[in-house]
Amino acid sequence: MRKQKEIIDQLSDRELMINFYLSQGIILVTALSLTPFLFTSFSDLFTLFRFEKIGQVLFIGGGAGLIVVLLDLLLMKILPESYFDDGGINERLFTNRGFWQIIWIALLVAFCEELLFRGVIQTKFGLVAASLIFAIVHFRYLVNKFLFVYVVLLSFFIGFIYEYTGNLAATFMMHFVIDSLLGLLIYYKNRS
């Protein structure tokens, strides 16, 4: 984890953001590249987002995201700080951003990752495959056993919400709420 932190610390802010956009681009391109092979058309994939089901999106997706954030805050209070050490990536990513940049980052991550992991992988290969691949792609957590298990469980929970609602907009909202609130928490914690 120290080596990862050293690498992160050596990156300029510009390099960090290039890597961020590159990783999200790879995830998005992967989802879009798989779509013609696994779906009849691109519209079949995008119809999985049903924003008109506002109750599912706000109450189930947003509520589940809020529950995860509250659980995170509780665990951060009772567990040692080392349990949440991701090598400094989240700290670097969110500390130097403003409110709207954090919202944009959370929107982009939620869209790209939910499109690939729930929209493509879970829809076509199931909950277990999507959850395990999601956890492995977040490889920075592999060296921290607690974070890795936590991300696996979180991925299964997001996948369960998708199974329950059948609505990618609900998991998008859940993912967005988690990332934006935790990103804003890091930002405001490091400002004071």
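View 1. Helices are DSSP runs (H or I, at least four residues), numbered from the N terminus. Keep in mind that this is a predicted model, where local features need pLDDT of at least 70 and side-chain atom pairs count only at pLDDT 80 or more, while totals for chains, interfaces and linings use all residues. Residues are numbered from 1 along each chain as its sequence is written, and side-chain values use heavy atoms, with hydrogens and water left out.

**View 2. What hides the buried side of H2?** The buried residues of H2 are Leu 16, Met 17, Phe 20, Gln 24, Ile 27, Ala 31 and Thr 35. Buried means under 20% relative accessible area, exposed means over 50%, and partly exposed is in between (1.4 Å probe, protein chains only). Their cover includes helix H3 (42–46), helix H5 (89–95) and helix H6 (99–125).

**View 3. The largest nonpolar core.** This core has 41 residues, and Phe 20, Ile 105, Leu 116 and Phe 176 touch the most other members. H2, H5, H6, H7, helix H8 (145–165) and H9 each supply at least two of its residues, with H6 giving the most, 13 residues. A nonpolar core is a set of buried Ala, Val, Leu, Ile, Met, Phe, Trp, Tyr and Cys residues joined through side-chain atoms within 4.5 Å. Zoom in on Phe 176: leaving aside neighbours within four places in sequence, Phe 176 is in contact (heavy atoms within 4.5 Å) with Ile 103, Ala 106, Leu 107 and Ala 110. A second, separate core of twelve residues includes Val 69, Leu 154, Ile 178 and Leu 182. In soluble globular proteins, nonpolar side chains tend to be buried together.

View 4. Ala 135 sits in helix H7 (residues 127–137) and counts as buried because its relative accessibility is 0%. Beyond its neighbours within four places in sequence, Ala 135 is in contact with Phe 148, Val 151 and Val 152. His 138 is in the loop between H7 and H8, and at 11% relative accessibility His 138 is buried too. Setting aside neighbours within four places again, His 138 is in contact with Glu 113 and Val 151.

**View 5. How many salt bridges are there?** The count is two, taking a salt bridge as a side-chain nitrogen of Lys or Arg within 4 Å of a carboxyl oxygen of Asp or Glu. In one of them, Arg 97 pairs with Asp 13, the closest N and O atoms being 2.7 Å apart. That pair links distant parts of the chain, 84 residues apart: Arg 97 is in the loop between H5 and H6, and Asp 13 is in helix H2. Arg 97 is buried at 5% relative accessible area, whereas Asp 13 is partly exposed at 32%. Glu 114 and Arg 118 also meet in a salt bridge (2.9 Å, N to O). These two are four residues apart in helix H6, so about one helical turn separates them.
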